[in-house]
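Trainee: I'm new to this one, could you walk me through it?

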Amino acid sequence: MQIIDGKATSLAIQDEIKEAVTERLASGSKKPHLAAIIVGDNPASRAYVGHKIKACERVGFESTLVELSENIQEEQLLQEVEALNANQAIDGFIVQLPLPDHIDSQRVLEAVHPDKDVDGFHPINAGKLSLGLPGFQPATPAGIIELLKRYGIETSGKHAVVIGRSAIVGTPMTLLLSRNANPGNCTVTMCHSRTQNLQAITRSADILIAAIGRPHFVTADMVKPGAVVIDVGINRIPDATKKSGTRLTGDVDYDALSNMDGHITPVPGGVGPMTIAMLLKNTLDAAAS
Ligand code: NDP
């Protein structure tokens, strides 16, 4: 399999964003400013937000981290969201998921002003995506489209199979691949936990997107030789050879597929870094509007 290098592509996009920031500053505009709300001490969430803040520094954005207690009440959190909506200095912000169980995540996401919703999770932006109108697109599927584009992968007329139907990955991925656009114009099959004959469906995929959250779920016998395999999954599994005792792995059995013909994204270093690049791109767009 030929590796699709999401890390290198993300860094190239970040260089382009950095240049755009330099041009903005030269023309008298201010630095784009991204804020992130994080609730509680979930180590994975902290690591993700840390990467996003670091990426802001790399491209010359301002960033603000709003750290809130695990025990915060929903109304207080909504007030924090309102404060960022009203803050003219902030171009866009995200609320890192997951939120604690006592908070209605959907209510919080719907409180984010659509013009500052750089995660693209607000129903207005989701609706625009489904209608093919301009708006903020969720960073992970947008990053996958960007990878397909930059690697010159032909998508028109191809059969794409998306495993997963979440609002943040599977559903927007399905919409983006089926749009009359380039990349796009795929015939898309969306699969989920009730799908029957999954293997027969995935074996007919020219482009296979795995967004399930189960380590090594996609095995070699589920993949057509020559397919483009995009692994969205981020799973932590035990690994005694690592100091931490664990390592990250995707939804695809990468080692088993590596000798086949085709393309594949690694984990880590594939879709994850692209998600960060597209979040920065959305923030740049928010600052420009
Ligand atoms: P969700 O748990 O919201 O969705 C998982 C989807 O997989 C569901 O639609 C579910 O079906 C489907 N599924 C579960 N089991 C099966 C099965 N046996 N057969 C077919 N389909 C199945 O996860 P997310 O979409 O939020 O995330 C998916 C993965 O991607 C996770 O590992 C997550 O960590 C990772 N991720 C990575 C990002 C990145 O930047 N790289 C960003 C976001 C997520 P059903 O709807 O029927 O339950």
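Mentor: Helices (H or I, at least four residues) and strands (E, at least two) are DSSP runs, numbered from the N terminus. Residues count from 1 along each chain as its sequence is written. The model is predicted, so local features need pLDDT of at least 70, side-chain atom pairs count only at pLDDT 80 or more, totals for chains, interfaces and linings use all residues, and side-chain values use heavy atoms, without hydrogens and water.

Trainee: Okay, where does I234 lie?

Mentor: I234 sits in the loop joining β8 (228-231) and β9 (235-238).

Trainee: New topic: what order do the strands of the open sheet have?

Mentor: Its 3 strands run β3-β2-β4, with parallel pairing; a pair needs at least two DSSP bridges. The edges are β3 (62-68) and β4 (92-95), each pairing on one side only.

Trainee: And how many bridges join β2 to β4?

Mentor: There are 4, with β2 covering residues 33-39. In this sheet, L34 stands opposite G92 of β4.

Trainee: Which helix packs on the sheet?

Mentor: Helix α3 (residues 74-86), which touches β2, β3 and β4 (heavy atoms within 4.5 Å). Its direction makes about 180° with that of β2, using lines fitted to C-alpha atoms, for helices over the stretch in contact, with angles from 0 to 180 degrees between N-to-C directions.

Trainee: Last one: which residues are buried in α7?

Mentor: In α7 (residues 170-178), they are G170, P172, M173, T174, L176 and L177. Their cover includes α5 (123-131) and β5 (159-163).

Notes: Buried < 20%, exposed > 50% of the residue type's maximum accessible area, 1.4 Å probe, protein only.
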